Amino acid sequence: MSELLSLIRAPAIAFIGGFLVIGGWIYAPQLSGLLPGFSSGTSSTSPSASSGGSWFADANRLGRPETAPVLRSCIARMLDLGRGEKVEPGVVYSMLKAGSMQASISALAGKSNMWSGNQTVMLAASWGELASCIYAQDDRELCDADNRAAMVEATTKFFTFAKQTETSKPPISGRDAQVLSNFGDRLSNALRNHRRYGTLIAADYGSFAPPEIARIMREEKQTRDICKR
Amino acid sequence: MRAAFILGAIFVGANLINYSVLGNTGDYLPGGARMGEWKAARIREACYPAFVVSERDATLPLLTTNDHRVAWQDLKQARTLTTALHCYLVTHPNAICEKNNRAYIVDYINRYFSKFDEMVDIAKRYGESEITNVKNLWDSPRNRAISAALIQDASSGRLIKADFGWSTPAAMRPMLDQYKGKTDNCPRA
């Protein structure tokens, strides 16, 4: 009996430890919502939301970016589609994500040649254009969880790829750098505004947000909640 | 003792991977005289030509509105599942009488209903209109033909509750209970 106990003790401890870590990460948003004083930042003006949000986004704050309604107009605008021409915006979005994944793997593998440098500029510009287009819509569009998820993903990807271009060899052209810098300025303003409106909070970007986004989320304070009716 | 524990862990792990990652859910269907080997089902290959369908085929699930939250991957899967099950049950109504085919078709029926349930669950987040969108999507002419074929197969004993075991789809339970005890009317060789 004691032999059996000693045999299963180590795997049992490992299992419980793993469950606490993984389960804690997954269920913490719901649990923190149940505990008073440890509330995560929903779009309401909770103390944690106004101070930048808790560690975890509310489980319902971020939806599925592929089904975001804002994509319909923004993807059509990005692809410059004429009247009658139709594409499934979710498909284009998935293709953009797939391209980004490939570029990220290339970057991780240390592949930094002319082709990958250009591709990174192109991806940064695409995500920047998409994020700018979402920002150009009505501010309340980001009260929708799917639209918010699309904005979060687009801005995160833009700043990540824009950062990668800074270190690319050979360096990107001055014109490309200017285009990305314009996108960066516009999106920084967008993030500041949405942070103040309560439509975006730090927890939406998680713990691995690009430094530019993390800084804005930390520095700005929520002043009102435009999603509250 | 240690060896038994390790072998047990390998067994459990391999089965979990087989079921959840590889998706070989057919391996876990009940056995018995009525059920064969799903991997040996001939109906699978016989229905390959059925998958050549137009993107705008209106007999398959199609979104009729732009105001929806259905992901394109889900729509594609709904169309694939409908195409296949329609072929297995409607185009080849006697295929289910062969035990290998029955095992494969029962597994496919489970997949069909679990996808529908999954899409309805997602739609619930968006409210009543989105639930209607999903239900309308799964109400194409071929979906209706599948429903009719399922009732037909349950009423004629070609499909019984024991074929599904613990995984009977909720939508099929009432009809399987209603025709409980029927002996199948499959043509005998």
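Start by selecting A:Ala124, A:Trp127, A:Ala131, A:Ile134, A:Ala150, A:Ala154 and A:Phe158: within the largest nonpolar core, which has 41 residues, these touch the most other members. A nonpolar core here is a set of buried Ala, Val, Leu, Ile, Met, Phe, Trp, Tyr and Cys residues joined through C-beta atoms within 7 Å. A residue is buried if 20 or more other C-beta atoms lie within 10 Å of its own, exposed if 12 or fewer, and partly exposed in between, with C-beta atoms placed from the backbone.

What you have open is a predicted model, in which local features need pLDDT of at least 70 and side-chain atom pairs count only at pLDDT 80 or more, while totals for chains, interfaces and linings use all residues. Residues are numbered from 1 along each chain as its sequence is written, and chains are lettered from A and ligands numbered from 1 in the order in which they are written.

Next, colour the helices that build this core. H3, H4, H5 (114-136), H6 (145-166), H7 (174-197), H8 (202-205) and H9 (211-219) of chain A each supply at least two residues, and H6(A) gives the largest share, 10 residues. Helices (H or I, at least four residues) and strands (E, at least two) are DSSP runs, numbered from the N terminus. Chain A as a whole has nine helices and zero strands, and 33% of its 229 residues count as buried.

Now zoom in on A:Ile134. Leaving aside neighbours within four places in sequence, A:Ile134 is in contact with A:Val70, A:Cys74, A:Asn147, A:Ala150, A:Met151 and A:Ala154. Two residues are in contact if their C-beta atoms, placed from the backbone, lie within 7 Å.

Two of those partners, A:Val70 and A:Cys74, lead you to H3(A), residues 70-78, where A:Val70, A:Leu71, A:Cys74 and A:Ile75 are buried. Which part of the helix do the buried residues of H3(A) line? Look down the axis of H3(A): they fall within an arc of 105 degrees (taken from the directions from the helix axis to the C-beta atoms), so they line one face of the helix. Just after H3(A), click on A:Asp80, which takes a positive phi of about 55 degrees.

Finally, show both chains. Here 11 residues of chain A are in contact with eight residues of chain B. On the chain A side, H1 (2-34) and H4 (89-108) give two or more residues each, and H1(A) gives the largest share, three residues.
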